[in-house]
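The following account leads the reader through a structure, taking each chain in turn and then the region where the chains meet.

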Amino acid sequence: MEFFVISLLNGVSYGLLLFMLSSGLTLIFSLMGVLNFAHAAFYMMGAYAAYSLGLKIGFFPALILAPLVVGLLGALVERYGLRTVHPYGHVAELLFTFGLAYLIDEIVKVGWGLTAVPFRVPAALHGPLFTVYATEFPKMRGFMMLVALLMLLAVYLLVTRTRIGLVIQAALTHPHMAEALGHNVPRVFMLVFGGGTALAGLAGVIGGVAFITSPSMADSLVPIMFVVVVVGGMVSLAGSFLASLLIGLIQSFAIGLDWSLGGLLDALGVAVNAHTPLYSLLKLQLSAVAPTLPYLLLVLMLIFRPKGLLGTRAD
Amino acid sequence: MAGVPSKLRYRPFNLGRWLTWGLTALVMVVLPQIFTQGYAITLMSQMGIMIVFALSYNMLLGQGGMLSFGHAVYSGLGAYVAVHILNLAGAGKIWMPLSLLPLVGGLGGAFFGVLFGYVTTKRAGTTFAMITLGIAVLVDTWATMSRAFFGGEQGVSTDRVIGKPFLGITYGPGVQVYYLIAVWCLVSMALMYAWSHTPLGRIANAVRDNPERAEFIGYDTQRVRWFTLIISAFFAGISGGLSTINFEIVTPDVVSLSASGGVLLATFIGGIGFFFGPILGAVVFSFFAVALSNYTNAWQFYLGLFFVLMVMYAPGGIASIIVMQLQLIARKRFWRIAPHYLAAGASGLVLLAALILTVEMTYQLSENSANGTVMNLFGVNFDCAKALPWAVAVGLWIVGGILFNLARQRVARVWGEIQTELLQARA
């Protein structure tokens, strides 16, 4: 029971962090058709910006300011980079963001060094929030969940309840009509790209403080972020929310379980020992293959349900 | 192929083609006789390997329109298959001449191409790109975890000197390995060029340009993509086998995402629209990776910036820039625009100097700060904590920026004039 509760909490908090990242990616993709390869790089920029700003103005002001800085940079990238490439099509845009991710990685290495920077949890968030069966649940994790939920609420209200949200929705489904009605669709693109990267920046501040702020923090997230978006169905915010939680839970539960195929056969009454064929495969424990599970999920999903959990289109 | 008269393509003896291939072969034979230093041989060997790899990648991206983020999976797994076979041969368990080892790598690559390709090629476009990324991460994660086949993080090492010397060739010295790589490189180049003229190569182009119409004339687009990928994986595997021979060690790095990203960068920089583009790209990329990395730790930054600029301003790569100039030369207009190119190039150099100065000083202040703030750039010693070098950098940025912008406008204007003239002359 203890294992279950702790894994559940960890899984949900990690899933919410993934959602902070993938929501921006989904917004950008659904509006512009651009799969932003550099999204995780903006996440990393958020962490580094908050670290540098935090040294001067403290953590909480930096939590607000760093995403704004990242969002501004994102808007500039859209205006002066992506828009130039747009006429060449989606593959060129993907290549541009790929190169951008590469470049941001290198800028971070040149600017802040190759090793991790000491970006620490602020004093106010030290210590446990509550205790479940002798295991402490840290305040930082709780704060992470709170920020993610607030952000979810804010994005939801912005998209459904405000004027700019309505224009975004219109530009999403009928870009030409929205343009004909006098809305500046390219500016909407710029705002959405800036907003999406700002969300990534916010996730970066939280992720950087909760885990580690190093030049490799983006690399490990790029593939998993794409898994979330594909599994969620590419264009659906609700889908990417579900997929984020699913992957967060898979990760946190798999790490703690020592189940294996051999164990399953044992339980079914088939004797498994070192002489059984494929023994090395059978003895592999779930915890050992945990890092590969999201990608297996991705491959299976693309084979059996290519439109994703809540998606509408197959490619 | 409208616009190309058939007599040009089906002459019994195509002199131009024989000259091009003959000259390429000659250059490959002669180069190590001129540059005999071990360092140059290493660089050229890696270029040869990268040329095969980049050309195989362009089979997907350029010919088949498939953007893959996981092509190193095939070259890397090919390299692993080759290293295990080589070790078995070294232990005397099987008979396997080293000269044919790249073929083993190629068959290994093709095997995994059949396996993974079946899954990845079900989709095209952006989704294809993402599945390849997923597969690449899957293989990469397995490679670092599994000891039996991949040898864990240390990888699998080997010794390429096996069996008795044949005609004095032991493959011990680097130059002998270079010639082995050169032969395989040339053969692979010729085969891949020939492939692009086969019916499959042609229909791959059709599937790239308009999958729907290709389906309507009776082709299964998924199968075309799959077959293309298998052949591409075969050649990628050959490059993997060559790298096994060259480095005598295979680590999980060969299947990593950065290896896949590297070949994408190389191919695109060279140009995906022309057969010879990836060859140029591989040469430039190897130069960045092998030569420039000796001088600066920020070489990947320069490479990335170069790539982004290419995507934005020259999406056809270096090859397309060259072909555009060749057209001007053929129409005797090149000398009119050449002075403006010179001006743009000179002001571009000022900007490049500003960039290098800024990047290297920043690097010295951050990562290299343990070594103090005094640094040496282009033979000049200076202290990058002082204001003067930064003022110089800012000055270079401003001057270079203004001059380059002026020169760029000139080039664009003259270019436009020439194009109008040519159009009028044709009308």
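Among contacts in chain B between residues at least 6 apart in sequence, what percentage join residues at least 24 apart? In this predicted model, the share for chain B is 78%. For chain A, 76% of the contacts between residues at least 6 apart in sequence link residues at least 24 apart.

Chain B may be considered in more detail. Its secondary structure comprises 16 helices and four strands. Taken along the principal axes, the box filled by the C-alpha atoms of chain B is roughly 65 × 65 × 45 Å. Of the 427 residues in chain B, 39% are buried. The domain assignment divides chain B into domain 1, covering 10-255, and domain 2, covering 331-426. The centres of domain 1 of chain B and domain 2 of chain B, taken over C-alpha atoms, are separated by 37 Å.

Chain A is described next. It contains 14 helices and two strands. A compact globule of 315 residues would have a radius of gyration near 20 Å, and the 21 Å of chain A agrees with this. The C-alpha trace of chain A spans about 70 × 50 × 40 Å along its principal axes. Buried residues account for 46% of the 315 residues in chain A.

The strands of chain A form a hairpin. Strand S1 (residues 128-132) of chain A and strand S2 (residues 135-138) of chain A run antiparallel and are joined by four bridges. Within this pairing, A:Thr131 has A:Glu136 in S2(A) as its bridge partner. Two residues lie between the strands of the hairpin, and A:Tyr133 takes a positive phi near 40° there.

Is A:Val69 buried or partly exposed? A residue counts as buried if 20 or more other C-beta atoms lie within 10 Å of its own and as exposed if 12 or fewer do; A:Val69 has 18 other C-beta atoms within 10 Å and is therefore partly exposed. A:Leu73 likewise has 18 other C-beta atoms within 10 Å, so A:Leu73 is partly exposed. Distances to other parts of chain A can be given for both residues. A:Val69 and A:Ala170 are 101 residues apart in sequence, and their C-alpha atoms are 27 Å apart in space. A:Leu73 and A:Gly194 are 121 residues apart in sequence, with a C-alpha to C-alpha distance of 7.3 Å.

The final topic is the meeting of the two chains. Here 38 residues of chain A are in contact with 35 residues of chain B. On the side of chain A that touches chain B, at least two residues each are supplied by helix H3 (59-85), helix H4 (90-112), helix H9 (221-232) and helix H14 (293-304) of chain A. Which helix gives the most to this side of chain A? H4(A) does, with 15 residues. By residue class, the side of chain A that touches chain B consists of 28 nonpolar, eight polar and two charged residues.

Terms used. Residues are numbered from 1 along each chain as its sequence is written. Chains are lettered from A and ligands numbered from 1 in the order in which they are written. This is a predicted model: local features need pLDDT of at least 70, side-chain atom pairs count only at pLDDT 80 or more; totals for chains, interfaces and linings use all residues. Domain bounds come from an automatic or database domain assignment. Two residues are in contact if their C-beta atoms, placed from the backbone, lie within 7 Å. Ala, Val, Leu, Ile, Met, Phe, Trp, Tyr, Cys and Pro count as nonpolar, Asp, Glu, Lys and Arg as charged, and the others, Gly among them, as polar. The radius of gyration is taken over C-alpha atoms; the globule rule is 2.2 Å times the number of residues to the power 0.38. Two strands pair if DSSP finds at least two bridges between them.
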